[in-house]
Amino acid sequence: MNSIKAANQVLQRTSEYMGAGLVRSQPAWYKAVAYNPPKYAFDKKVRAEVLEKIKQEEISTINTMNEKLHNGLYVTRIKNRNIKAKKLLTAQTLTFIEDDLRLLFYKQHPWELADPKNLIENENTLGNENFDWSHLRQWGKKLDGESVVQRTMYLLNNTDKSLLECYEQAKFEYYRLKIEDETEMNIAREESEMLGAVYPMTAIEKGFEKEQEVLSKWKKDALEQTKIMDAKFSNKDSSAITSADTAAPAEEILTEEQILDKLKL
């Protein structure tokens, strides 16, 4: 089923499932939640000041890139002109605007770096000149951050827009296509599950399961070791008390008359 991303959607989705026959009997909590629905959505909300800070950082980075672009710094160049003769034939420093765009995009979208790749995919994407970047969707290439970079460069070279406007347009197209892909994938998965498909655990879920097994074993061993240590300390304490009792001399019990006689003395 499609994942429920807010607490106030539980009642609505359950009602839809009951109407479609996916849920045959009414859950025990159904009427209670219907009479007392959640007042707040517990989704994580992005704060306006965070968005403003990210936007200011983006504008500052783009302005720096524009200065380099206009000053001709995005070329093959040597950092230090006053170099010695023995270093004259060393490799020169290469600077490209695409590299700065990649750094900016993946700094804003760090989770995109977790998108897995394979060697076949990399081989097919080595030559970007074979693609038509007049549109972002490329049928021979997976949609990723490199698509945004190449689309930005195409817009920069073929339109009158600024670098910031080209980058923003490429990001907007990227978000739109990402939403389309995720929606299609969720619908296909939901339809398959309705027809009886059962999906095995993913590699990440298997990893979590293995990790949980190790943590459970560690907890069990830790509890056993704690019991052994407590038993050792309790034995030491009892032996110490016993030895102290045996070593101490027996106190003489005096009567009231004997105590008065000692005080008189």
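Trainee: To which accessibility class does Trp29 belong: buried, partly exposed or exposed?

Mentor: This is a predicted model, in which local features need pLDDT of at least 70 and side-chain atom pairs pLDDT 80 or more, while totals for chains, interfaces and linings use all residues. Residues are numbered from 1 along each chain as its sequence is written, and side-chain values use heavy atoms, without hydrogens and water. Buried means under 20% relative accessible area, exposed over 50% and partly exposed in between (1.4 Å probe, protein chains only). Trp29 has a relative accessibility of 36%, and therefore its class is partly exposed.

Trainee: What kind of aromatic pair do Trp29 and Tyr30 form?

Mentor: A search of the whole structure finds five aromatic pairs (ring centres of Phe, Tyr or the six-membered ring of Trp within 6.5 Å; planes under 30 degrees apart are stacked, over 60 edge-to-face, the rest tilted). Trp29 and Tyr30 form one of these, with 6.4 Å from centre to centre. Their planes stand at 45° to each other, and the pair is classed as tilted.

Trainee: How many residues apart in sequence are the parts that Phe105 and Tyr174 tie together?

Mentor: Phe105 and Tyr174 form an edge-to-face pair, with 5.5 Å between centres and 85° between planes. Phe105 belongs to helix 4 and Tyr174 to helix 7 (residues 163-194), so the parts tied together are separated in sequence by 69 residues.

Trainee: Are Phe105 and Tyr174 buried or exposed?

Mentor: Phe105 has 0% relative accessibility and so counts as buried. For Tyr174 the relative accessible area is 1%, so Tyr174 is also buried.

Trainee: Which residues do ring pairs link into a cluster?

Mentor: Consider the ring pairs jointly. They build a cluster whose members are Phe105, Tyr106, Tyr174 and Tyr175.

Trainee: Which residues of helix 7 does helix 4 meet?

Mentor: On the side of helix 4, the residues in contact (heavy atoms within 4.5 Å) are Ile97, Leu101, Leu104, Phe105 and Gln108. Their partners in helix 7 are Leu163, Tyr167, Lys171 and Tyr174.

Trainee: How many helices and strands does the protein chain have?

Mentor: Helices (H or I, at least four residues) and strands (E, at least two) are DSSP runs, numbered from the N terminus. Along the sequence, the protein chain reads α-α-α-α-α-α-α-α-α. The totals are nine helices and zero strands.

Trainee: What share of the residues in the protein chain is buried?

Mentor: The protein chain has 265 residues. The buried share among them is 18%.

Trainee: What share of the contacts with a separation of 6 or more joins residues 24 or more positions apart?

Mentor: Begin with the contacts in the protein chain whose separation is 6 or more. Of these, the share that joins residues 24 or more positions apart is 46%.

Trainee: What is the C-alpha to C-alpha distance between Trp133 and Arg151?

Mentor: In sequence, Trp133 and Arg151 are 18 residues apart. In space, their C-alpha to C-alpha distance is 5.6 Å.
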